[in-house]
Amino acid sequence: MSSSPVPDALLGPADVRELAGALGVRPTKQRGQNFVIDANTVRRIVRTAQVRPDDVVVEVGPGLGSLTLGLLEAADRVTAVEIDDVLAGALPATIVARMPERADRFALVHSDAMRVTELPGPAPTALVANLPYNVAVPVLLHMLDTFPSIERTLVMVQAEVADRLAAPPGSKVYGVPSVKANWYAEVKRAGAIGRNVFWPAPNVDSGLVSLVRRAEPLKTTASRREVFAVVDAAFAQRRKTLRAALAGWAGSAAAAEAALVAAGVSPQARGEALTVEEFARIAENRVSENRVTETEEPGR
């Protein structure tokens, strides 16, 4: 059995700046890079994520390794997905230097997370990540869809994104991210993160979002793609009634109304009022334009 990690294995502000300086790394806005420099925040994230000793954790965007080291303290294995050439090249050495007794429990995938379709080693059971705000939602949804073994997720994202992901139906910020995340999981806000724990300090606050995968997939005969198509159409023109907003998706306003009525949803409702289950029912009841025409004009 390996010895426990040394108390100072996690990165502090001076460690982060020293590592970045040695690598010639300057965090870039293009990739939304803000490195966590506070070890207490890292431990809080790991604790909030409820990482267990038997967990196989996947981390997206590990950067210099602040959160990676915290996850390695708590999990059985950690696989980090990093797109940046310099950061990906340096991270394994950081793990070996600061947590040598856990280095064999770490794997690196040098890739764009949006292109990852498989991971080395056992299937991941948890996703924990500090996601760049500009790609947070698509990366999150891609990982949940690609790796159904992920049971629990905790992501740190821009506060505004966190609000959108966790918003309930009827909320002003309820929208496409809210519905699509809810397709996979029960979603809730799990805390706020101040700006001073990052380097460089961002000009926005951050928030933690917890996603616990549904024990049973949503009961629907429609596919995920079909349901998401309805969601996208409904919110593309969110001020319009669903009868109007879904006209293009259904083929006509009449066809949209037929699908809505069959699904038990008012044609005058708006997308922001609907649950993911209701969107699924609408997708199930899509009919062809020909059938609607025949119903309206039986003599033709």
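The stops below concern a central strand and its partners, then aromatic ring pairs, then a helix.

The model is predicted: local features need pLDDT of at least 70 and side-chain atom pairs count only at pLDDT 80 or more, while totals for chains, interfaces and linings use all residues. Residues are numbered from 1 along each chain as its sequence is written, and side-chain values use heavy atoms, with hydrogens and water left out.

Select residues 126-130, which form strand S5. Helices (H or I, at least four residues) and strands (E, at least two) are DSSP runs, numbered from the N terminus. In S5, 5 of 5 residues are buried; buried means under 20% relative accessible area, exposed over 50% and partly exposed in between, with a 1.4 Å probe and protein chains only. Ala 126, Val 128 and Asn 130 lie on one side of S5, and Leu 127 and Ala 129 on the other.

Two strands pair if DSSP finds at least two bridges between them. Here Val 57 stands opposite Ala 126.

Then select strand S6, residues 152-158, which pairs with S5 in the parallel sense over 5 bridges. In this pairing Asn 130 stands opposite Met 156. From S5 the chain passes through helix H5, residues 136-146, to S6, in a right-handed β-α-β crossover. Right-handed means that, with the strands pointing away from the viewer, the path from the first strand over the helix to the second runs clockwise.

**Aromatic pairs**

Rings of Phe, Tyr and Trp (its six-membered ring) pair if their centres lie within 6.5 Å; planes under 30 degrees apart count as stacked, over 60 as edge-to-face and the rest as tilted. The count by this rule is 5 aromatic pairs.

Select Phe 35 and Trp 199: the ring centres are 6.3 Å apart and the planes are at 35°, so the pair is tilted. Phe 35 belongs to strand S1 and Trp 199 to strand S8, so the pair ties together parts 164 residues apart in sequence. Both Phe 35 and Trp 199 are buried.

Now select Phe 235 and Phe 279, whose ring centres are 6.0 Å apart with planes at 45°, so this pair is tilted. Phe 235 is in helix H8 and Phe 279 in helix H12, 44 residues apart.

**Helix H11**

Finally, select residues 253-262, helix H11, where the buried residues are Ala 254, Ala 255, Ala 256, Ala 259 and Leu 260. Just after H11, Gly 264 takes a positive phi of about 75°.
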